[in-house]
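Welcome, and please take a moment to look over the sequence and the model before reading on. The paragraphs below are meant to be read with both at hand.

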Amino acid sequence: MRIAILDDFQDVSREYGDFSGLDVTVFTEPLTDVAAQLAEFDGVVAMRERTRFPADVLRSLPRLRLLVSTGRRNAAIDLDAASELGITVCHTGYRPAAAAEHTWALILAALRHVPTEDANVRAGRWQSTVGAELEGAVLGLVGLGNLGKRVARVAAAFGMDVIAWSSNLDAERAAEAGVTAVTKQELFARADVVTIHYVLSERSRGIVGAEDIARMKPGALLVNTSRSGVLDTPAAAAAARRGDIRLALDVFDVEPLPADDPIRDLPNSVLTGHVGYVTEQQYRLFYADAAEDVRAYLAGAPVRVMNP
């Protein structure tokens with residue numbers, strides 16, 4: 001069985017997972033033609049939702065019998081089509097701490113101007129920025145699921161006032177997390193820092209739009225470590241370029257970000273290349289489980305199966 005491991009940009013999958021004895025090909029660059037490049041493979045290990053597998057793509061891969069997705073869910077895979085085509089789809093474990101921690105790395109880097117001050121010291125300059133404190137500031141959470149709750153606990157330790165909104169959040173559930181439920185309009189108007197933790201679906205696509213961004217305080221910080229699709233990123237980038245808000249992004253509409261994308265020179269922003277989940281501990285879990293998924297399938301007893 002020929003196995004393709006996709007989007008292993010750091011070429012570490014075989015270091016963190018035991019793929020010994022398996023016929024594995026590692027792709028360290030994004031695919032440019034999924035049907036052509038994966039035509040000879042019987043199994044694929046996909047890095048989360050980076051490569052889309054809708055019905056038409058799955059049908060273009062007649063040899064494919066096993067599709068492993070790192071993480072517990074993958075909206076980029078048509079599970080019904082996979083079932084119809086006899087393709088088993090499996091998942092791996094996931095460590096939510098990584099993304100929550102990276103959210104705080106971005107918040108602190110943006111508010112204390114860490115990238116600028118790092119560059120200053122290296123260039124022989126000293127103290128060119130004035131930072132902002134978190135204590136007493138308002139954090140607005142768009143989404144209060146597992147990740148949102150983790151971010152809220154850290155905010156409480158900083159002494160922040162935490163408010164939250166999602167389409168189905170009620171006051172009781174918010175209070176259980178030590179958070180105040182508010183309307184979407186109030187959240188964007190009050191928060192000094194807005195951070196998005198919303199699962200991407202057709203219902204949530206673009207759920208943070210230009211009208212929401214326009215309600216933000218001058219100089220407020222907007223953070224997205226979730227999925228680019230939940231945010232109108234061009235509208236957010238335009239607001240940051242005007243100086244209306246500050247922006248911290250780990251996810252983008254096109255990934256990897258094209259070399260000529262104007263976001264690369266965006267002022268009032270901190271940018272990272274979708275590394276919120278990229279930790280040694282996460283990769284050990286992803287690739288160890290992926291190797292186990294492959295071996296279990298070959299043994300005729302698939303584990304962590306996602307599709308019926």
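This is a predicted model: local features need pLDDT of at least 70, side-chain atom pairs count only at pLDDT 80 or more; totals for chains, interfaces and linings use all residues.

Residues are numbered from 1 along each chain as its sequence is written, and side-chain values use heavy atoms, with hydrogens and water left out.

Let us begin with the helices. Helices here are DSSP runs of H or I with at least four residues, strands are runs of E with at least two, and both are numbered from the N terminus. Two packed helices are described by the angle between their axes and the distance between the axes. Helix α5 covers residues 97-111 and helix α7 covers residues 146-157; their axes come within 9 Å and cross at roughly 45°. Such axes are lines fitted to C-alpha atoms, for helices over the stretch in contact, and the angles run from 0 to 180 degrees between N-to-C directions. The two helices, α5 and α7, are therefore oblique to each other. In these terms, angles under 35 degrees are roughly parallel, over 145 roughly antiparallel, 65 to 115 roughly perpendicular, and the rest oblique. The crossing of α5 and α7 is right-handed, meaning that the near helix is turned clockwise from the far one by less than a right angle.

Which residues make the contact? From α5 come A97, A99, A100, T103 and W104, and from α7 come L147, R150, V151, V154 and A155. Contact here means heavy atoms within 4.5 Å. Sorted by class, the contact of α5 with α7 has 8 nonpolar, 1 polar and 1 charged residues. For this sorting, Ala, Val, Leu, Ile, Met, Phe, Trp, Tyr, Cys and Pro are nonpolar, Asp, Glu, Lys and Arg are charged, and the others, Gly among them, are polar.

You can find T225 in the loop between β10 (221-224) and α11 (233-242). Is T225 buried or exposed? With a relative accessible area of 12%, T225 is buried. The cut-offs are under 20% relative accessible area for buried, over 50% for exposed, and in between for partly exposed, using a 1.4 Å probe and protein chains only. The side chains of T225 and T103 are joined by a polar contact of 2.9 Å. A polar contact is a pair of N or O atoms within 3.5 Å; within protein, one must be able to donate a hydrogen and the other to accept it, and residues adjacent in sequence count only if both atoms are side-chain atoms. Not counting residues up to four places away in sequence, T225 touches A99, H102, T103, L106, I196, H197, D250 and V251.

Now turn to R63, in the loop between α3 (55-59) and β4 (66-69). R63 counts as partly exposed, at 33% relative accessibility. Its side chain makes a polar contact of 3.0 Å with the side chain of D42. Apart from neighbours within four places in sequence, R63 is in contact with R2, A39, E40, F41 and D42.

In helix α3 itself sits A55, which counts as buried at 15% relative accessibility. The C-alpha atoms of A55 and D78 are 5.9 Å apart, although 23 residues separate the two along the chain. A55 touches D78 and A81, again leaving out residues up to four places away in sequence.

V26 belongs to strand β2 (residues 23-26) and counts as buried at 18% relative accessibility. Beyond residues up to four places away in sequence, V26 touches I5, D8, D11, S13 and R14. T88 belongs to strand β5 (residues 88-91) and is buried too, with a relative accessible area of 17%.

Finally, have a look at the backbone. D11, one of the residues that V26 touches, lies in the loop between β1 (2-5) and α1 (13-16). Phi of D11 is near 55°, a positive value in a residue other than glycine. R48 also has a positive phi, near 50°, and is found in the loop between β3 (43-46) and α3. The peptide bond from E255 to P256 is cis, with omega near -10°, and P256 lies in the loop between β11 (246-249) and β12 (269-271).
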